[in-house]
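Please consult the sequence and the structure alongside the text.

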Amino acid sequence: MSTNLLGAESTNFWDSIINWCTTTGLQILTKLIVALLIWWVSFRVINFVFKKLDKKMTEKKVDRTIKDSVVGFGRKGLKLLVFIIIIGYLGVEMSSIVALITSIGVTVGLALQGSLSNFAGGIIILVMRPFRIGDFVEYDGESGTVEKIQLFYTTIVTGDNKVIVVPNSKVTNTTVTNYSIKDVRRVDFTFSIAYENDFRKAKRILHKLVDNHELVLADKGITIRVGAHNASSIDIICRAWTKSADYWDFKFDILEKVKYEFDKNGISIPYNQVDVHIKEDDKLPKPIDEDDVLVKEEIEFENQEYTAKKKKKAEE
């Protein structure tokens, strides 16, 4: 009798298992397969669409900062939406999902309380755009090219290939110098010459070098004037404009050529030293030499410049 009862219970158990597999289990399996299919197709479509969008925005020359933000946030946002839809399709109550997201948000918010200012800073940078990806900036004594702008951190790569990761809260609360935001920049030089040299000769040399340089923007104006009388030298200020991309090439080129031309024409650049000289007046260089060709050219140039300014002032 007991054997029959055990046999009957065993049969009922297996019947229940088979029944569950053919009904509820089959429905769950079907839903899982459909959910996986939705996940696979949706993610591939999202990646394809945003890849095309990224390519299109690149062709349209959309600012890289905006492009990366739109593509990155858009892709992640849609994938999160697909995940929520799949969870709901599988039968999980949306109220439970909302409660879970809320609790996670509160927990993360408390854990990252100090990082919320970085997040706010990231939003400010993306909206106000004080600099963009690819800009050359100077921050806190370091200079480099902006490589990434993320919600919490900004990545800067220096000229010697160091990577600096800066919290966005610090970026928005301190001075950042952007050298790339303008197309042109002014290059400022200060050349010190000895008192024994004629400053007009030095000015004429500078005019010839700067005025005829291929990278100078002559229409923006060139200034070459005596800037200071120091204890042991005369400072000549030279200011000229060039394209931002040509800044360093122009600066280094002028510095090299000025040294060569000064040496060639006997213009000495003083440096800190203690020399004892026995004066022999007949051997000293003449600080004023009216017969020098370069001096004559500079005097003529100054006269023409003065006449032009006077005429312009009279017309006004």
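Q: How much space lies in the largest cavity?
A: The model is predicted, so local features need pLDDT of at least 70 and side-chain atom pairs count only at pLDDT 80 or more, while totals for chains, interfaces and linings use all residues. Residues are numbered from 1 along each chain as its sequence is written, and side-chain values use heavy atoms, with hydrogens and water left out. A cavity is a set of points, on a 1 Å grid over the protein atoms alone, where a 1.4 Å probe fits but cannot get out; its volume is the space filled by probe spheres set on the points, which are joined across faces, edges and corners. The space in the largest cavity is about 40 Å³.

Q: Which classes of residue line the largest cavity?
A: The lining residues, those with an atom within 4 Å of a point, are Phe131, Val137, Tyr139, Val146, Ile156, Val171 and Val176. Ala, Val, Leu, Ile, Met, Phe, Trp, Tyr, Cys and Pro count as nonpolar, Asp, Glu, Lys and Arg as charged, and the others, Gly among them, as polar. The lining has no polar and no charged residues, and seven nonpolar.

Q: What is the bridge partner of Val137 in S5?
A: Strands are DSSP runs (E, at least two residues), numbered from the N terminus, and two of them pair if DSSP finds at least two bridges between them. Strand S1 (residues 136-139) is joined to S5 by three bridges in an antiparallel arrangement. Within S5, the partner of Val137 is Asn178.

Q: Which are the edge strands of the open sheet?
A: The open sheet has five strands in the order S4-S3-S2-S1-S5, with antiparallel pairing. Pairing on one side only marks strand S4 (163-167) and strand S5 (176-178) as the edge strands.

Q: In S8, what is the bridge partner of Val226?
A: Strand S7 (residues 223-229) pairs with S8 in the antiparallel sense over six bridges. A hairpin of four residues joins S7 to S8. In S8, Val226 has as its partner Ile236.

Q: Why does His207 count as buried?
A: His207 is placed in helix H7 (residues 199-211), helices being DSSP runs of H or I with at least four residues. Leaving aside neighbours within four places in sequence, His207 is in contact (heavy atoms within 4.5 Å) with Asn212, Ile224, Glu298 and Phe301. Buried means under 20% relative accessible area, exposed over 50% and partly exposed in between, with a 1.4 Å probe and protein chains only. His207 counts as buried because its relative accessibility is 5%.

How values were computed: 1 Å grid on protein atoms, 1.4 Å probe; cavity = no way out; pocket = protein on both sides within 12 Å on 5 of 7 lines; lining within 4 Å.
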